Amino acid sequence: MSTINELAKVLALEQSKGYTNKSAVGGIETYVEHWAKRTRTPDNQDLIAQIVHSFENYGQAEPSQRQAMIERALALTRQFAPAPPPPQAAKRAATFSPSTATPSPDQEPEDLPSDKSFARIDYGLDAPVTRISGVGPGRSSQLERLGIFTVRDLLYHFPRAYRPLKTISELMFGDVATVVGQVTHLNDYKTRNGFHIMDVVLMDATGGITVKFFKQPWLAKQFHLRHYYVVSGKVDRDLNKLSFKAPEFEPLTHELQRLLETARVYPVYPLTEGVKAAWLRKMERQIVGYWADKTPDPLPPEVRQNAHLMTLPNALHEIHFPSSMQSMHAARHRFAFEELLYIQLGVLLQRQRWQQEPGKAILVALDFMERFARGLPYALTDAQQRAIGEILRDLERPVPMSRLLQGDVGAGKTVVAAAPLLAALTNQTQAALMAPTEILAEQHYNTIQKILPELASQFGLTPRVGKLIGSMRPREKQEMAQRIAAGEIDLAIGTHALIQESVVFANLTCAVIDEQHRFGVNQRSALRQKGFNPHILVMSATPIPRTLALTVFGDLDLSILDELPPGRTPIKTKWLEPKERERGYAFIHKQIREGRQAFVICPLIEESEAIDAKAAVEEYDNLRTQIFPDLRIGLVHGKMRPTDKETVMEAFRAGELDILVATSVIEVGIDVPNATVMLIEGADRFGLAQLHQFRGRVGRGAHQSYCMLLAEKSGSTSDERLQVIENTQDGFKLAEADLLLRGPGEFFGSRQSGLPDLKVAQLTDVKLLEQARHTAAAIFARDPKLQAPENQLLKKGISAFWKGEGDPS
């Protein structure tokens, strides 16, 4: 059988070289012909002939055709040596062990990296992965899809899950588990309508189970009778028998066998097309084996000891190749703590850097609050007065203010924000207000234009207010930028356009940023650079749980508006089943006959404005022609031109429209007191915090308001979270529930938190967050610039972690 192994090695070499036909002298076709003469016997001559025929015209074939030829030939070579049956001990064993399954030599995947490739290492952790033997440009591009560019990235490419190893008899419906078994039957067939199905029957010492694959005919080449495989996934049911449907699988190699015997868990790595689990696991074994003990630990020994953490070498070994479930959890705990510590130290360093830069103190008159209150048509709440007091005290210091103002929907944040803006104007300096969307910027512009004249008159001022948004004509934007630079605009209100390089302020001392979670650290820094380190107030319309706020915005002081203005009536909220749709339409009709207006929010299909806009247009046409042909209906969505959106919004505000159909563009900033009813389609697609934001668009006038949440699926009203919003008006309680249910990534929306990606840590782990924050504070108290020798590696770790997100160090 040595000639069979020889052929397999040559073909594996040809695969690793990208099918260049340079793996044998004279080319692969010539080599196979010579090999056949040496190997042919009367017993195998038919099989040998098939292998030779597989390589016909190999030299003229395209790489993809060559790949198919080699895979066909390798499949034929396996027929020379079937895998041996399991040892007799396996049949007697009470429970199945991976050690009872013996992978045959030809069962090892052909493209595994060679152990010899790590015999001599002449590169560092930050070297590109192409420096690793066996990783060429093609493999490198595959790894890049996984975020792996360097050797260090590969070392820190952790499993995404660990599935317990079970015997087949232990499996139960709904389990997510892993089994090892021998293939005893293969059935590859098509249904009457041409639907391809492959059934693979796996047996272990305790029983059997069917593994089903659909529409993947190529998998027939990857399973072989009497060979052993690891199968991992969710246990399903098929004709009252347990089965796996389209699970993850790989051949049982000696490498994998050792791992399963040790920890009895199957680490599941993030994969991508072209990167197989067996190849990646062996590569990780070699990388971890060589580098884990040579990688310096960024956490100082004292920090590790106080937090009871694993050393880095142990943690790297155990997170990839756990010796037990307990050690795996300890390893993940160590890396989670490290990530949270980097976040805490990063925001502390950012805060320190900003506060060390000199700012301009704003003089606040002793009777400022009295005059400010006199200029308002209503009384401030205690919470508003407290927040304004905290902000004004910050302004009077020669250190730039960095403060987060958050409150529930309708808590009156805009009025609070007007105080520091007005204080800046009383000092004959400029102020700015930046919003994430043009609709919200327009809303602020209109609101400020209403309340500012009377407020400013209390101080003898007539401020000049300007607007700068992306949809303005180039000439208009240029003229506004020139007026801002010349000091002819006292208060500039706009979108990201305010932080473009072409915009220069004459004397900016205070800036307010609305809807913070849509802006990252970089945008805040850019706005700071527009003036002499201006004071910055950040407003978040989405209530953020305190623990998360202290993490994501740890560089900011916190002011909370936890009190609604008097007279606001709670919004009656009701979840509707799909069959209750007509009831919802009838209620809208009734409200409009009474002189009110309504919102209809279209379902969130996916994070694509184009697709959401199409759905909104279809909903608009349906309502206008089929449901409410007698009513005046308008439409706004994210793909409309800003001027068109504003025209529709203005018509709705003026009462010229009865119903406004909208996508999530109206989540914030729309104030129409006469709108008293909202119907949210596909409400089970949205998170609690976003539903609460939508709901906050009604209930702004004197009339009772209503929010109807129309479920997309029957039975969804039994969902715990849906009951929460129906019974709760408190945005902070909803935010806590939303965070626990969906996690911070979903809570903030895709990549909106301004934080680096977390591999292991969860921002919902309040206990670990608190521990990391206390540790960071202690480190910072002793060494605020991280200059001590024991903190140098920690400082480098922070810089690498925050790279691309506004490096705080």
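The following legends describe close-up views of a predicted model.

View 1. The strands are arranged in the order 11-12-10-13-14-9-15, and their pairing is parallel. Strand 11 (465-468) and strand 15 (557-561) form the edges, each pairing on one side only. On average, neighbouring strands of this sheet are turned by 20° against each other, direction ignored.

**View 2. The pairing of strand 11 with strand 12.** Strand 12 comprises residues 491-494 and pairs with strand 11 in the parallel sense, over 4 bridges. L468 has G494, in strand 12, as its bridge partner.

**View 3. Helix 16 across the strands.** Helix 16 lies across strand 10 (430-434), strand 11, strand 12, strand 13 (508-514) and strand 14 (535-540).

**View 4. The bend in helix 16.** Helix 16 consists of 20 residues, 438-457. From its first C-alpha to its last, helix 16 reaches 28 Å, close to the 28 Å expected at 1.5 Å a residue. A bend of about 35° occurs at I451, and the proline P453 follows within four residues.

**View 5. The largest nonpolar core and the surroundings of L341.** This core has 102 residues, and F335 and L341 are those with the most contacts inside it. Helix 12 (residues 325-356) gives the most to this core, with 12 residues. Leaving aside neighbours within four places in sequence, L341 is in contact with L299, V303, A772, T775, A776, I779 and L794.

Methods:
Residues numbered from 1 in each chain as written. Predicted model: local features only at pLDDT ≥ 70, side-chain atom pairs only at ≥ 80, totals over all residues. Heavy atoms only, no water. Helix = DSSP H or I, 4+ residues; strand = E, 2+ residues; numbered from the N terminus. Expected span 1.5 Å × (residues − 1). Bend = angle between axes of the 7 residues up to and from the residue. Pairing = 2+ DSSP bridges. Axes fitted to C-alpha atoms, helices over the stretch in contact; angles between N-to-C directions. Contact = heavy atoms within 4.5 Å. Core = buried A, V, L, I, M, F, W, Y, C linked by side-chain atoms within 4.5 Å. Buried < 20%, exposed > 50% of the residue type's maximum accessible area, 1.4 Å probe, protein only.
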